[in-house]
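Have your viewer ready and try each task before reading on.

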Amino acid sequence: MLIIGIAGGTGSGKTTVVRKIIESLPKDEVAVIPQDCYYKDNAHIPLEERLKMNYDEPASIEWTLLAKHLKELKAGNAVEMPTYDFLTCSRLKETILIEPRDVVVVEGILVLTDKELRDMMDVKVFVDADADERLIRVIHRDCIERGRTPQMVIDRYEETLKPMHELYIEPSKRYADLIVPQGGHNNVAVKLLTDYIRSLLKPRNEL
């Protein structure tokens with residue numbers, strides 16, 4: 001099993017890179033583990049307080065559970081991945097069954113900040129994009145998918161996203177084996193990545 005880490009700022013194009021990895025490999029060969037599913041369960045905290053919490057720092061993620069699930073998958077065992085509701089900022093009761101696959105992609109803004117997780121990864125990727133491009137994508141996504149107004153998104157960007165990006169996410173770029181500039185639209189970089197993944201899989205499949 002190959003574990004691929006895909007990090008990068010909010011709105012950088014990580015989802016596009018992950019989609020292109022899936023499309024480049026045989027059907028059902030890739031399992032995707034989004035970091036966002038592993039936000040700590042804060043259901044015991046009043047909603048008004050939950051909405052004000054910082055979800056862009058490493059302390060917001062339950063890293064121990066994520067690492068445990070990766071170890072289980074590597075051992076050949078299926079796991080029940082948690083799910084998270086961004087409207088209520090709380091973990092849902094429903095889980096998603098994830099089966100072991102030849103490639104497991106761990107995707108999220110902070111996945112290269114955790115050393116235990118990094119040490120488990122065979123390939124570490126940082127998807128890079130200009131700040132203004134990321135902000136436009138975040139406004140578009142959060143207004144459509146998360147019920148926020150453009151002003152709410154901009155306020156959150158200035159108060160939380162930008163400083164957390166500079167403090168945690170941007171510095172994690174130094175751990176990457178491959179940096180993909182221009183986000184998921186950099187077809188040359190994405191092809192290099194997918195070709196490399198296939199080259200790693202080939203000798204393992206021949207064993």
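Helices (H or I, at least four residues) and strands (E, at least two) are DSSP runs, numbered from the N terminus. Residues are numbered from 1 along each chain as its sequence is written. This is a predicted model, where local features need pLDDT of at least 70, side-chain atom pairs count only at pLDDT 80 or more, and totals for chains, interfaces and linings use all residues; side-chain values use heavy atoms, with hydrogens and water left out.

**Exercise 1. Describe the largest pocket and its lining.**

Step 1: On a 1 Å grid over the protein atoms alone, a pocket is an open set of points with protein on both sides within 12 Å along at least five of seven lines, a cavity is a set where a 1.4 Å probe fits but cannot get out, and lining residues have an atom within 4 Å of a point.
Step 2: The largest pocket holds about 720 Å³ of space, a volume being the space filled by probe spheres set on the points, which are joined across faces, edges and corners.
Step 3: Its lining has 32 residues, with Thr15, Asp36, Glu107, Arg141 and Arg146 nearest the centre.
Step 4: Helix 1 (14-24), strand 2 (30-34) and helix 5 (131-145) each give at least two residues to this lining.
Step 5: By class, the lining of the largest pocket has eleven nonpolar, twelve polar and nine charged residues (Ala, Val, Leu, Ile, Met, Phe, Trp, Tyr, Cys and Pro are nonpolar, Asp, Glu, Lys and Arg charged, and the others, Gly among them, polar).

**Exercise 2. Describe the largest cavity.**

Step 1: The count is one cavity of 30 Å³ or more, and the largest cavity has a volume of about 50 Å³.
Step 2: Thr10, Asp56, Arg134, Leu135, Val138, Tyr157, Leu161, His165 and Ile169 line the largest cavity.
Step 3: Helix 5 and helix 6 (150-169) are the elements that give two or more residues to this lining, and helix 6 has the largest share, four residues.
Step 4: The lining of the largest cavity divides into five nonpolar, two polar and two charged residues.
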